[in-house]
Structure formats: C-alpha cells, structure tokens
Amino acid sequence: MSGDGLSNGPPPGARPDWTIDQGWETYTQAEHDVWITLYERQTDMLHGRACDEFLRGLDALDLHRSGIPDFARINEELKRLTGWTVVAVPGLVPDDVFFDHLANRRFPAGQFIRKPHELDYLQEPDIFHDVFGHVPMLTDPVFADYMQAYGEGGRRALGLGRLANLARLYWYTVEFGLMNTPSGLRIYGAGIVSSRTESIFGLDDPSPNRIGFDLERVMRTLYRIDDFQQVYFVIDSIQTLQEVTLRDFGAIYERLASATDIGVAEIVPGDAVLTRGTQAYATAGGRLAGAAAG
Ligand code: HBI
Ligand code: FE
C-alpha cells in the first residue's frame with residue numbers, strides 16, 4: 001500500500017478492483033472448524049452484549065450455519081435487505097480501492113481465516129472479523145447508508161488530505177463503537193463483537209474511558225491498532241450515525257486543520273464522560289504483558 005492511500009497494482013490473481021473469487025469449495029474442514037469454534041464462543045456470550053441490530057443481522061443472514069459462509073448464499077439475502085454484497089479480497093486493500101467498494105455497497109472481506117493458534121488475536125482482518133464482525137450490521141438500513149456515505153466521504157477525504165481524520169471516525173464507530181440502549185451499553189463495532197476478550201473488556205472493564213460520541217472529538221482522537229482501545233465512544237442510537245452523514249465535512253476539515261490530536265487516554269473539556277477509566281490495563285503493559293483483561 002503506497003503512502004498516499006492510492007493503490008499500486010493488485011496482487012497476482014486478483015482483479016483490478018482487488019477482488020478475488022471466494023472459492024468456498026476450497027476451504028478445508030480444519031478451516032471450517034476454526035469458524036465454528038469462533039462462532040460458537042462468540043454467540044454464546046453476545047446476547048446482552050451485542051446490539052439488537054447486530055443480533056437481527058446474524059439471524060437474517062443465517063450465519064449460524066456450521067462453517068465458513070458462502071458469500072453467494074449470504075449475498076442473496078443481504079442484497080435484498082439493503083443492496084449490499086460481500087466481495088472477497090486477499091486482505092487489506094489500498095484506501096482508494098476500499099472506499100470505492102464501500103461507495104458502491106460492496107464490502108471487501110478477507111477470503112482467508114486465521115490459524116487455530118491465532119484464535120484470540122490477529123492483526124489483519126480475516127473472514128471471521130469481516131463477515132461475523134461487519135456484515136450483520138449491513139442488514140440495518142441506517143447503518144448500510146452510513147457505510148456507503150463513509151465510502152463516498154473517504155474518496156473526498158483522500159482528495160483533501162484528511163484521510164487520517166476520517167479513518168478515526170471509522171475506527172471509533174464501525175470498528176469499536178458502543179451504543180447506549182434502554183437495556184444498557186451494547187456493542188455495534190466489528191472489532192469488538194468479533195473478539196471474545198474485547199467484548200468483555202469493552203463493556204465491563206474499568207480500565208478504558210467511555211465517552212459520549214462527538215464527531216469532531218472522535219476525528220481528533222488517536223487510536224491503538226495493537227491492543228484493546230483505551231477509549232470507546234458511545235452513540236445514543238443508530239440514528240446518530242445517520243446525523244453524521246448530514247454534517248458539512250468541509251467546514252469540519254477546516255477546523256481540524258488547526259486542531260491538535262487528542263491522545264488515546266485523554267479526557268478533554270466538553271467530553272460527556274460515562275466512564276473515567278483507570279487505564280490500569282494499558283499501564284500494566286496490556287496484551288503483551290499478559291495483563292488480565294475483563
Ligand atoms: N481493506 N480489506 C480491507 N479492510 C479494511 O477494513 C480496510 C482496508 N483498507 C483500508 C482500511 N480498512 C482503512 O485504512 C480505511 O478505513 C481508511
Ligand atoms: Fe474491520
């Protein structure tokens with residue numbers, strides 16, 4: 001991936017838009033077993049943790065079939081519900097390619113699945129992170145619109161050199177977003193919902209800050225890619241994401257150009273603080289130090 005987010009050529013065997021065939025029939029039983037292990041332990045714990053929109057999507061797409069889902073099968077229902085389809089890619093794709101897919105309601109999902117020794121953590125999004133984590137939310141019409149708007153905004157942000165700010169918005173909503181509901185705090189972010197340990201840490205642990213969502217605040221906030229988040233942002237409902245798409249990003253980018261970044265553990269004036277975290281997990285060295293989470 002080149003530094004400016006624009007793509008070098010696709011890898012051998014991939015099409016110009018970086019998509020590949022899923023080749024569902026080529027998955028081994030061992031690979032299906034990894035999916036089944038991950039799926040069963042996630043779904044055992046997500047009732048009361050994942051938001052209703054996610055749980056409804058999981059059911060609608062019938063992802064509880066045993067084994068890695070065939071994109072051709074889930075796309076029939078997904079396309080009918082919100083016009084989205086899942087397309088297979090070899091892994092992370094360049095930003096401009098990624099945004100173009102989202103802007104056309106195509107979600108690029110890694111075709112590979114993690115190895116048995118990577119069950120709890122892997123750096124690159126695999127098919128479980130992408131399909132179990134991201135795709136159920138795409139069955140919700142409001143979220144589906146938000147994701148397409150994000151793709152359109154991403155292309156614009158690339159042109160304006162504001163990609164870093166927009167990537168933070170994706171990170172703290174689509175990947176690590178929490179939602180306040182009448183029944184309590186719930187997960188909608190794919191990075192949390194596809195991780196057993198972070199599904200516990202994100203909701204229950206006293207370590208991270210939990211702060212009410214504010215668009216510009218989020219776009220100024222740095223994030224961790226190597227361990228649990230030290231701050232989570234909380235929306236009041238999926239409608240909050242719809243309101244985001246109506247904002248004037250041009251004016252926001254103007255203000256961001258002279259704004260300073262906010263550190264992952266900082267609480268700043270104006271924050272609606274739900275949890276003033278202890279940061280004990282990160283201070284103890286986090287995942288690498290084997291700090292106890294949850
Ligand atoms: N590629 N396949 C894939 N999946 C992602 O989530 C992804 C990507 N490329 C870029 C990217 N995410 C982020 O850097 C964008 O949000 C900017
Ligand atoms: Fe993701």
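## Ground rules

Residues are numbered from 1 along each chain as its sequence is written, and chains are lettered from A and ligands numbered from 1 in the order in which they are written. Because the model is predicted, local features need pLDDT of at least 70 and side-chain atom pairs count only at pLDDT 80 or more, while totals for chains, interfaces and linings use all residues; side-chain values use heavy atoms, with hydrogens and water left out.

## The nonpolar core

Let's start inside. The largest nonpolar core has 86 residues; such a core is a set of buried Ala, Val, Leu, Ile, Met, Phe, Trp, Tyr and Cys residues joined through side-chain atoms within 4.5 Å. Buried means under 20% relative accessible area, exposed over 50% and partly exposed in between, with a 1.4 Å probe and protein chains only. Phe 54, Val 131, Phe 143 and Leu 169 touch the most other members. Helix H6 (residues 141-160) supplies the largest share of this core, 8 residues. Helices (H or I, at least four residues) and strands (E, at least two) are DSSP runs, numbered from the N terminus.

Leaving aside residues up to four places away in sequence, Phe 143 touches Met 137, Leu 138, Val 174, Tyr 188, Ile 238 and Leu 241. Contact here means heavy atoms within 4.5 Å.

## The largest pocket

Now for the open space. A pocket is an open set of points on a 1 Å grid over the protein atoms alone, where a 1.4 Å probe fits, with protein on both sides within 12 Å along at least five of seven lines; lining residues have an atom within 4 Å of a point. Its lining counts 46 residues, with Leu 92, Gln 123, Pro 125, Trp 171 and Glu 175 nearest the centre. Helix H7 gives the most, 6 residues.

## Helix H4

In H4, the buried residues are Val 97, Phe 98, Phe 99, His 101, Leu 102 and Ala 103. They pack against strand E1 (85-89), E2, H6 and H7. After H4 comes Arg 105, with a positive phi near 60°.

## Paired strands

Strands E3 (residues 178-181) and E4 (residues 184-187) pair in the antiparallel sense over 4 bridges, and the two form a hairpin with 2 residues between them. Two strands pair if DSSP finds at least two bridges between them. E3 also pairs with strand E6 (residues 231-235), in the parallel sense over 2 bridges.

Leu 178 takes part in both pairings: Ile 187 stands opposite in E4, and Val 234 is the bridge partner in E6.
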